[in-house]
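Trainee: I have a model open and would like to learn how to read its features. Please take me through them.

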Amino acid sequence: VQFSSGDTKNLYGLDDRTGLAPISSLTQRPPGHRGPVESGKEALLVDLLERVGLVQRREVEAGSWVLDGAAIAEGDGWQDFLATHRVTPQEQRRIRFSIVPPGAPASERQRIRRVAEHEFRATRRLIYDAILRPDDIVDSELGCGLVYPYDSAWERLDLWLAARPEGIGWDTAQAILRQVGVALSYAHTNRLVHRGLAPDKVYVRESRGQLRVRARGGHLDDVG
């Protein structure tokens, strides 16, 4: 194939016999031969590299845990992240961070920290399978977080109900209410009350035709 001089611009061949510039003229050029990346184009270059998967995302740590990507759930003043243990990666937890509003004073950050510490201490004396209590309390650039056990088989009750637009039977509703009631009764015997109990603070799991229920231990408060 014959090319005019204008058609061969930016075309390369395997060797000189093609009549094109050898591709080795590209591979043997020193790095940076075209000069530095122009100012203002750095962010564009990073974005393009991220899209093709050539940029390693920075790990966000919280204590001994490494967060697995973006938040899996969020609400007013909180975000949930899945996290993997740095030393034993087979361990996975859900960490709920209390988010400090942008521009908030140091006093607000301290208040949020005190609330998380209080919830952690209040639930330590609870040993009951139907109450999901935190294993640890951690700090990170996202703020203060409570570390909860994680099992993908457990679903938040509000999401579980949303996946059943046809509704649930009366027996199922009774089973949920009964198990939540037993969990709250246990908390009350330990002089704790649950503030703001709602479906997003209750988890359910179906196993062998049985429905198990857990209430998240956060928002439990002393009654004196």
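Mentor: We will go through salt bridges, a nonpolar core and a sheet.

Mentor: This is a predicted model, where local features need pLDDT of at least 70, side-chain atom pairs count only at pLDDT 80 or more, and totals for chains, interfaces and linings use all residues. Residues are numbered from 1 along each chain as its sequence is written, and side-chain values use heavy atoms, with hydrogens and water left out.

Trainee: How many salt bridges are there by this rule?

Mentor: Side chains of opposite charge can pair when their charged atoms come close. The rule asks for a side-chain nitrogen of Lys or Arg within 4 Å of a carboxyl oxygen of Asp or Glu. The count here is 15 salt bridges. One of them joins Glu117 to Arg113, with the closest N and O atoms 2.8 Å apart.

Trainee: Where do Glu117 and Arg113 sit in helix α3?

Mentor: Helices (H or I, at least four residues) and strands (E, at least two) are DSSP runs, numbered from the N terminus. Helix α3 covers residues 106-123, and Glu117 and Arg113 are 4 residues apart in it, so about one helical turn separates them.

Trainee: Which parts of the chain does the salt bridge of Asp129 and Arg212 link?

Mentor: The side chains of Asp129 and Arg212 meet at 2.5 Å, N to O. This pair links distant parts of the chain, 83 residues apart: Asp129 is in the loop between α3 and β8 (131-132), and Arg212 is in strand β14 (residues 210-216). Asp129 is partly exposed at 46%, as is Arg212 at 32%.

Trainee: What about Glu206 and Arg164?

Mentor: Their side chains form a salt bridge at 3.0 Å, N to O. Glu206 lies in strand β13 (residues 202-207) and Arg164 in the loop between α4 (157-162) and α5 (170-189), so the pair ties together parts that are 42 residues apart in sequence. Glu206 is exposed at 53%, whereas Arg164 is partly exposed at 22%. Elsewhere, Glu59, Glu61 and Arg86 are linked in a network of salt bridges.

Trainee: Which residues make up the largest nonpolar core?

Mentor: In soluble globular proteins, nonpolar side chains tend to be buried together. A nonpolar core is a set of buried Ala, Val, Leu, Ile, Met, Phe, Trp, Tyr and Cys residues joined through side-chain atoms within 4.5 Å. The largest one here has 10 residues, including Trp65, Phe81, Ile95 and Phe97. At least two of its residues come from each of β4 (65-67), β6 (78-85) and β7 (92-98). Taking contact as heavy atoms within 4.5 Å, and leaving aside residues up to four places away in sequence, Phe97 touches Ala62, Leu67 and Phe81, among others.

Trainee: What is the strand order in the open sheet of 4 strands?

Mentor: Strands of a sheet pair through backbone hydrogen bonds, either parallel or antiparallel. Two strands pair if DSSP finds at least two bridges between them. The order is β8-β14-β13-β11, with mixed pairing. β8 and β11 (155-156) are at the edges with a single partner strand each, so one side of each has no neighbour in the sheet. β8 and β14 run parallel and are joined by 2 bridges. In this sheet, Leu132 stands opposite Arg216 in β14.

Key. Buried < 20%, exposed > 50% of the residue type's maximum accessible area, 1.4 Å probe, protein only.
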